[in-house]
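Biologist: I would like to learn how to read the inside of a protein model, one feature at a time. Could you take me through it slowly?

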Amino acid sequence: MRHFAELVRQPGLARVLGTQLAARFPAGMYSLGLLIHVEHAKGNYTAAGMVLAAFSVGMAVAGPIVSRQLSRFGTTFVLLLTLALSCAAFVGVALFPGLPLPAVMAMAAVGGAAMPPVIPTVRTLYPRLSPRNLLTALFSLDAALQEIIWVIGPVLITVLVAVFGSTTALLVVVAIQVAGGLVFALDPLVRQLRIPAATRKFGRVLSSPSVVLMVVVSLLMIGSFAAVEAAVVASFGEGSINAGIVLAISAVGSLLGGLAAGNRPIGRWSLALRLVIIVGGFGIAAVSSGFWGLAVALFVAGLGIAPALAAVSNIIAGSVSFAETAEAYGWIGTGQLLGASIGSATAGIAIDAAGGTGGIYVAAGIAVLAFVTALVFRTAQPDPSAPVID
């Protein structure tokens with residue numbers, strides 16, 4: 001906690017932590033909101049999973065491209081333009097879910113592709129706001145704080161759906177996105193951020209084995225959580241508050257795990273060991289049933305997610321130059337979102353075939369793949385004793 005207290009005393013850092021959290025808050029609501037909204041309109045989870053997959057693929061394909069534009073056109077311009085385009089697309093999904101499935105998928109894909117690059121922006125900015133010896137603690141704090149999104153978001157969206165219906169619920173999320181996006185984009189430190197133009201061609205950052213490994217592990221890790229999110233919704237039924245509460249409990253576990261990880265040094269075994277916790281939690285979920293069984297299992301799984309995400313961010317910060325950091329985080333986002341699309345789509349098919357339990361089995365299997373990948377290829381990570389690349 002001493003490291004965290006020292007961090008928030010850094011000029012402007014506490015404000016940036018708050019504004020980026022506000023800008024990212026809709027992430028805790030869009031996935032579940034789209035899943036419920038489309039399932040209600042189309043009558044099955046396969047269609048809902050396909051729309052959610054289109055949303056994720058849109059983000060995945062555009063993420064590195066949009067992130068690279070931060071150095072070309074400036075952070076504020078890119079953030080505001082993408083905010084406007086994304087919100088317009090989600091309004092279309094909210095108001096016209098009865099359109100043919102390909103049309104709804106197209107709108108979701110545009111909304112995803114235009115999502116403002118908040119994470120690449122803020123994680124590129126962090127090393128300029130924090131002393132190097134506190135950077136690991138900052139990434140841990142960032143990963144822990146983002147779980148507030150997942151504590152409140154799923155509960156809020158399920159309550160909004162239950163009270164007002166899925167259309168109004170999605171429109172509320174759009175309003176939250178507008179407010180949070182503006183607060184972050186217009187923050188003085190964000191507006192002052194100048195990212196040097198990358199000297200290498202687009203995509204060359206993937207020549208780093210560390211970046212490729214983090215993309216693959218992120219894909220699998222987030223894919224497992226996307227699958228379990230769909231499984232939880234299916235287990236309790238559309239509009240059930242229990243689904244939101246269980247996902248919030250998992251997020252509380254992640255928040256506590258991130259705070260506990262604190263300033264622990266990141267070694268080549270760290271990521272694999274943190275993924276073991278997630279595998280264990282999903283293993284418990286696979287043999288559990290009912291509200292409390294799933295709540296305990298996903299709390300355990302959550303204990304590993306923020307520490308694992310913090311390890312990924314820290315490894316990227318030590319693997320590439322400052323000019324390429326935003327693009328590298330864009331590729332990490334691509335991996336995560338491809339994982340979310342694969343996880344949600346695969347879980348949707350499994351849920352239609354075998355119910356919520358089928359989705360949990362999918363989540364557990366993907367989590368095992370993430371752990372094995374991180375373990376086998378751990379030497380692809382940078383030497384933890386080497387200095388952070390500037």
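Modeller: What follows is a short talk about the core, the aromatic pairs and the cavities.

Modeller: This is a predicted model, in which local features need pLDDT of at least 70 and side-chain atom pairs count only at pLDDT 80 or more, while totals for chains, interfaces and linings use all residues. Residues are numbered from 1 along each chain as its sequence is written, and side-chain values use heavy atoms, with hydrogens and water left out.

Biologist: Which residues have the most contacts inside the largest nonpolar core?

Modeller: A nonpolar core is a set of buried Ala, Val, Leu, Ile, Met, Phe, Trp, Tyr and Cys residues joined through side-chain atoms within 4.5 Å, where buried means under 20% relative accessible area, exposed over 50% and partly exposed in between, using a 1.4 Å probe and protein chains only. Here the largest such core has 122 residues, and F55, L271, L275 and F282 have the most contacts inside it. Helix α15 (residues 290-317) gives the largest share of this core, 16 residues; helices are DSSP runs of H or I with at least four residues, numbered from the N terminus.

Biologist: What does F55 touch, leaving out residues up to four places away in sequence?

Modeller: A contact means heavy atoms within 4.5 Å, and the residues that F55 touches in this way include Y30, L34, F90 and M115.

Biologist: How many aromatic pairs does a search of the whole structure find?

Modeller: Rings of Phe, Tyr and Trp (its six-membered ring) pair if their centres lie within 6.5 Å, and planes under 30 degrees apart count as stacked, over 60 as edge-to-face and the rest as tilted. The search finds seven pairs. One of them joins F55 and F90 edge-to-face, at 5.6 Å centre to centre with 65 degrees between the planes. F55 lies in helix α4 and F90 in helix α5 (residues 75-95), so this pair ties together parts that are 35 residues apart in sequence.

Biologist: Why is the pair of F73 and F77 called tilted?

Modeller: The ring centres of F73 and F77 are 6.1 Å apart and their planes stand at 45 degrees, so the pair is tilted. F73 is partly exposed, with a relative accessible area of 46%, and F77 is partly exposed at 49%.

Biologist: Which residue classes line the second largest cavity?

Modeller: Its lining has five nonpolar, two polar and three charged residues, where Ala, Val, Leu, Ile, Met, Phe, Trp, Tyr, Cys and Pro count as nonpolar, Asp, Glu, Lys and Arg as charged, and the others, Gly among them, as polar.

Definitions and conventions
Helices (H or I, at least four residues) and strands (E, at least two) are DSSP runs, numbered from the N terminus.
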